[in-house]
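Dear colleague,

Please find the structure below for your records. My notes on what was found in it follow.

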Amino acid sequence: MSLRQLLLRLPRYLGASGPLRGPLDTISSVISCRGQSSRSPAQWNQVVSEAEKIVGYPTSFMSLRCLLSDELCNIAMQVRKLVGTQHPLLTTVSGFCSSEDGDLGLIHDRQNNLQLRGLVVLLISKAAGPNSVNASCQNYDMVSGIYSCQRSLAEITELIHTALLVHRGIVNLNELQSSDGPLKDMQFGNKIAILSGDFLLANACNGLALLQNTKVVELLASALMDLVQGVYYENSTLAKENRITDDIGISTWKEQTFLSHGALLAKSCQAAMELAKHDAEVQDMAFQYGKHMAMSHKINSDLLPFIKEKTGDSLTFNLNSAPVVLHQEFLGRDLWIKQIREAQEKGRLDYAKLRETIKAGKGVTSAIDLCRYHGNKALEALESFPPSEARTALENIVFAMTRFS
Amino acid sequence: MQSYHPGPWGGSSTWHSPSPPYPPHLISLSLSPESCFYLFLVVWDLCCCTRVFLSLRQAEGLLSSCSAQATLCGDFSCRARVLGAQDPVAVVFRLRCSEACGIFPDQGSNRCPCIGRQELFISTAELREMSEYHFDGKGKAFRPIIVVLMARACNIHHNNARNVQASQRAIALIAEMIHTASLVHDDIIDDASSRRGKHTVNKIWGEKKAVLAGDLILSAASIALARIGNTTVISILTQVIEDLVRGEFLQLGSKENENERFAHYLEKTFKKTASLIANSCKAVSVLGCPDPAVHEIAYQYGKNVGIAFQLIDDVLDFTSCSEQMGKPTSADLKLGLATGPVLFACQQFPEMNAMIMRRFGSPGDVDRALQYVLQSDGVQQTTYLAQRYCHKAVSEISKLRPSPERDALIQLSEMVLTRDK
């Protein structure tokens, strides 16, 4: 394999779009996957590509420095050895197979998130602009209204997210079944998953140190801690999946979802403000936007299996997604368990049947309401920023996520 | 020199030298009251700083290492009295990371007031338990000891101040945390089942959770690091994290050429072990003293001691028995790794080359390699190499102004050579 070929493939190995692929190409490929989603693909595509133009350069967040390093070539080589095994790392990093919960929406969503996080950090940096009061202490290297340190931050956000995505793909060796293939392959897969995740984290730490701002380091480190906890909860609920749902109310669900989906974006947005020396109030608004936008985004993707026009019977959904949790809350635990039992046939859950049951209840509509509630909160937070094309782009992202028709 | 010190053992404990009649093995410890007091201060700093379960065993280990009398193992209570405690059981001070600095998430500090569900608490508790699993005081606490001693030595060198700054204590904590995070991940990578005499995190909770525990410890270390509020220090310790990962990558590859192979081995040793010690020594020196020459001394001391430490670790993998090490021996061979003794043995027995290249993968390779190593002078040569690194470390640290802590660091480097676990 030539170096160029290798490099071309690297981003795919790591589940990210690299600098060698056109940004629009990547975005549109992600969008096209969402063909059947509730959002109009053309409209979503437009929102994102306009947003990309605003931030001035491609949202390819894995820096070339990182991609060209020996270690990454090493990882790519090692991952190639995994091809043909059943290790989930392969599915995580290449993003074309089904995930552990088989939820197609979630996968596409993950790919989409990958682009979106960095993009939002850049957009909000631009929307806030340079700090007028404290202009003297700024870095001079501003491109398209965004400081280079804010661009690094967007990259770090993606690195942390991707690292956890890779670490999510570790398998428990003592729970392997014969269908998983040889133990040795799985051990090797785990090894590579740990190493590549750690490598990305080390790069993130390195990038953070270069920002020379202790508050930003603390914010992103705490975001990493939140994310780890969020993934931990997610894993523990996934482990129980297909058997019975967690007895959690929507408030607990929101707390867990903030950790696993919102904290990183919220704190990165806040950190972007800190880098431009904006005051605490602006930082808080950026945090609020990131948080509510991420929540709204997560609920939107949770809703996909319930509002698609045509759905394959085989399509499953996460029993701990927003509409299901809300449905359970309306119904009461006992009735819900009864409904699950009714949808079970020979120990297998009939998702199509259960979906119809849930759609008949109030869970879906209140999830839509919740999605809009967070969307509105995000828009409210934006009001404190001066009108600009970047702000409009951030608003459009929210509009695209809260449109259900 | 009779001085009250609000020790970690509660208000009633005072420091005093052991009252006669001395138990026979304590007399041979031959510590002057003054040096005993300094040692006590070091122990106290450690308690404040590591905020991990630091047991008397470590305090003991420290005392004996500082006085280079480690072989004189006396009974528990007598040594406890040297340290100023009446009741040895009460001496097991359990300052936990989480309680002391609120870094790990706990029930009281959940950001969102709305939660109170039991599931969340149970899973958080489990995550905490995993993260604190290795902070149980059973480790050698080698890194925090060096870091605290170095902090004091640098402070004395700079302005004769003996106190350790809070930020320097934090570095000792962070060093141990980074080390532990890497242990947790290494154990998954190697699929190891025991460490420090107990099961590894991945064997108890499974790999999926263990990797998160490692990440959580790393994030906690990063938060603590950021809170020190010094960007230079952040850069120095970030280098460690990068080195640890790069070292792990070096371990994946192997070199055909013999000379290259040895350089590769030493580079790996530096990155995986010595970088942490070197850079945390440098970090405390940066915090304690503005002179770049001192930073370099601290770094060089840590680097050389660290390499020597790992070389001896590699020797012990061949010479020690499992009970002593708390982990299985010949582990490196089983993992396909050619360490110092193997590389030296290979010079005498070129037939080992093939085995190294196939990473001891053929049946019987591990046993044959072990025999070759024991027949060769690989163990002695590696020990000799470690000695050379230690001498370098001693000559570096000797450039600092004399102090009991400096001498303790010199003795510690000798301890590294003679340790058997």
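How much area is buried between chain B and chain A, and what percentage of it do carbon and sulfur atoms give? The buried area (accessible area, 1.4 Å probe, that two parts lose on being put together, summed over both) is about 4600 Å², with 66% from carbon and sulfur atoms.

This is a predicted model, in which local features need pLDDT of at least 70 and side-chain atom pairs count only at pLDDT 80 or more, while totals for chains, interfaces and linings use all residues. Residues are numbered from 1 along each chain as written, chains are lettered from A and ligands numbered from 1 in the order written, and side-chain values use heavy atoms, without hydrogens and water.

Chain B and chain A each bring 47 residues to the contact (heavy atoms within 4.5 Å). One salt bridge (side-chain nitrogen of Lys or Arg within 4 Å of a carboxyl oxygen of Asp or Glu) is found across the interface; it joins the side chains of A:E218 and B:R227 at 3.0 Å, N to O.

Leaving aside neighbours within four places in sequence, B:T273 is in contact with B:R143, B:G306, B:F309 and B:Q310. The side chains of B:T273 and B:Q310 form a polar contact of 2.8 Å (N or O atoms within 3.5 Å, one able to donate a hydrogen and the other to accept it; residues adjacent in sequence count only if both atoms are side-chain atoms).

With kind regards
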